[in-house]
Structures are given as structure tokens and as C-alpha cells.
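Hello,

Please find the structure we discussed below. My notes on it follow.

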Amino acid sequence: DMFEENRNILEPAGALALAGAEAYCKYYGLKGETVVAISSGANMNFDRLRLVTELADVGRKREAVLATFLPEEQGSFKKFAELVGRMNITEFKYRYDSNGKEALVLYSVGIYTDHELKAMVERMESSELKTVNLTDNDLAKDHLRYFIGGRSEVKDELVYRFIFPERPGALMNFLDTLSPRWNISLFHYRAQGETGANVLVGIQVPPEDVDEFRSRADNLGYEYMSEMNNEIYHLLLRSPNKV
């Protein structure tokens, strides 16, 4: 409210005062009165600004945080994206688990109504994809949404960074081009509000299919680059047993 009405950004202590004033007015039915909230605190930096942005989106129901269990089989990611429908995915985290039959996908969807969100969850459930709404779970919002994935031993995995255009249909265009031809083993996306989104993708491509994969990726028209030699990939995402 403070930003939209006054273009000022509050740190959490100041936001608490304003939220308390709003609750006070609502509880006592006050209208046309002058109410003062002391927006104390100046504990703001870029890290805190990121937190404030995420909490504001969730608090105003501009972003919902969910978890869905997907079977570890080719085409399941594309099926999931189709079930999301026209809902705007603002964050997506998935990592293939070589030892499991199901994968836990954490994701967020932007600007929605309660009816739209309920309908999407019902579509997931009717397709036997268990889905949990974590929007009101503080532990999930503050911590667990950052703990998805980890090291995994994935055969024939290629890891690339793609620049997705920030427009409707960009994800489905990507999936129509590459899935279910090849299995997606890693996907991390977070909307940045820029002209392009930086997306990390892992995909299982046998050596004999590499030329076809690159041809399809080129025809897709999205800028992309390999991260196979990036030391962070080997340190954090690849099984230490793989050479």
C-alpha cells in the first residue's frame, strides 16, 4: 500500500505498524478518522529489498507458492505446464532424482484470484498430481523454497542457460520444441521483470542426438549457452560419483 500510494518502501518493522493501523481501523470500523502509524526502522539493503518484494507479492495474493509431485518420466513436465494453463509462473524449481519415482516441484504463480488458483489445483489433482498450496506456510516461503534439488547422477545430461522472452507462451514454446523428445532433468526459473528471463535447464540428450538438439535449440530462437564446464554445476548439481 505504501509503495503504490506514496512510492515509498517500508522495511518490515515499519510495514508492521501500517498493517496494525489498517487492522485497527477495520476492527473498530473507523472511517474518516486520522490514524498515525510510526513507520520506524531503516533496516533496508538490497538483500532485504528482495525479501520485502517476495513477501509483498504473497501478502497481497499476487503470488502463490505451491508444490506438486510429478512422476519421473518423460513428458510429465510438459503435462504439468499444460495443466497450469494461463496462470503466470513466476518461479519454478525442479531437479531430477535418479533414486525416486516422483519429483517434488516447487513453483509460484503470479496475479491470481482464489477461483483461478483453486481451479488449477483441482486440475492437478484430477490428473493424479498431488498438489499442496504453501502460500500461507511461513517456513516454505522463507526457507524451503530455496532448498530444492541438489546433486544427482543423471545420464547424458546437458546443462544450458536459456534466455526466455518475458511473454505468454514462452515456456510452452520451449517444451513443444524439446519435450518429450528428451527428458528435462533440471529447471530453474525466476521472473525478473526484465525483457528476458535467465533459465537454467538440464536435459538428457544421448551423444547421437546432440546435433539434433542443437539444431532444435537454434530454431527455437532463444539465446542459450552451455554450462557444462561451469565449476558450480559440478560442485552443487552433479553427483560426486560422476567423472
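Predicted model: local features only at pLDDT ≥ 70, side-chain atom pairs only at ≥ 80, totals over all residues.

The protein has nine helices and eight strands. Of its 243 residues, 38% are buried. Counting contacts between residues at least 6 apart in sequence, 75% join residues at least 24 apart. The exposed surface comes to about 14700 Å², and 51% of it is supplied by carbon and sulfur atoms.

On that surface, Tyr24, Tyr27, Tyr28, Leu30 and Val35 make a nonpolar patch of about 560 Å². Val35 sits in the loop between α2 (12–28) and α3 (46–59). Its relative accessible area is 35%, so Val35 counts as partly exposed, and this value is over the 30% that a patch residue needs.

The other item is helix α8, residues 210–220. Which of its residues are buried? They are Val210, Phe213, Ala217 and Leu220. These four cover an arc of only 80° around the axis, and therefore lie on the same side of α8.

Asp211 and Asn219 are exposed, on the face of α8 turned away from the buried side. Just after the helix, Gly221 has a positive phi of about 90°.

Regards

How values were computed. Residues numbered from 1 in each chain as written. Heavy atoms only, no water. Helix = DSSP H or I, 4+ residues; strand = E, 2+ residues; numbered from the N terminus. Buried < 20%, exposed > 50% of the residue type's maximum accessible area, 1.4 Å probe, protein only. Contact = heavy atoms within 4.5 Å. Areas by Shrake-Rupley, 256 points an atom, 1.4 Å probe, with all protein chains shown as cover. Patch = residues over 30% accessible without salt bridge, like charges linked within 9 Å, V, L, I, M, F, W, Y side chains within 5 Å. Salt bridge = Lys/Arg side-chain N within 4 Å of Asp/Glu carboxyl O. Arc of directions from axis to C-beta.
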